[in-house]
Amino acid sequence: MIFASATGSSGHSLSANGPILHPTLDCGVLNFLAPRTLAFRPLILPISRDQPLLMRLTDSSKADEVDIHLDGVSVGKLKKQEIIKVFLSIIKGFYFLRFIV
């Protein structure tokens, strides 16, 4: 999966046939890589500086852990029962995502 901010949607999301979001929107797009069926569509989700988006592996997941890459750089693994918090950050007028494991 790819999770991109509105700023990153024109590169990251678009490369996986996802939508481009206006850069000033307080949202991100969750897009699937190599989906098995047409039922897997991109999701546009709200993000704020105050209320994070929480991401985790479900208990029914076949994988015990997944690799985490930020801008193509491996930064670790997400294991079951761990949570990633995604916040919106604004730096010099640009919107970015901040990940906290």
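This is a predicted model: local features need pLDDT of at least 70, side-chain atom pairs count only at pLDDT 80 or more; totals for chains, interfaces and linings use all residues.
The second largest pocket is lined by Ala16, Asn17, Asn31, Phe32, Pro35, Thr37, Leu38, Phe40, Arg41 and Pro42. A pocket here is an open set of points on a 1 Å grid where a 1.4 Å probe fits, with protein on both sides within 12 Å along at least five of seven lines, and lining residues have an atom within 4 Å of a point. Numbering starts from 1 along each chain, and side-chain values use heavy atoms, leaving out hydrogens and water.

**Pocket**
- This second largest pocket holds about 150 Å³ of space.
- Its lining has six nonpolar, three polar and one charged residues.

**Confidence**
- The chain averages a pLDDT of 82, and 88% of the residues score at least 70.

**Salt bridges**
- The whole structure has three salt bridges (a Lys or Arg side-chain nitrogen within 4 Å of an Asp or Glu carboxyl oxygen).
- Asp64 pairs with Lys80, with the closest N and O atoms 4.0 Å apart.
- Asp64 sits in the β4-β5 loop and Lys80 in the β6-β7 loop, so this bridge ties together parts 16 residues apart in sequence.

Technical notes: pLDDT is the predictor's confidence in each residue, from 0 to 100. Grid points are joined across faces, edges and corners, and a volume is the space filled by probe spheres set on the points. Ala, Val, Leu, Ile, Met, Phe, Trp, Tyr, Cys and Pro count as nonpolar, Asp, Glu, Lys and Arg as charged, and the others, Gly among them, as polar. Helices (H or I, at least four residues) and strands (E, at least two) are DSSP runs, numbered from the N terminus.
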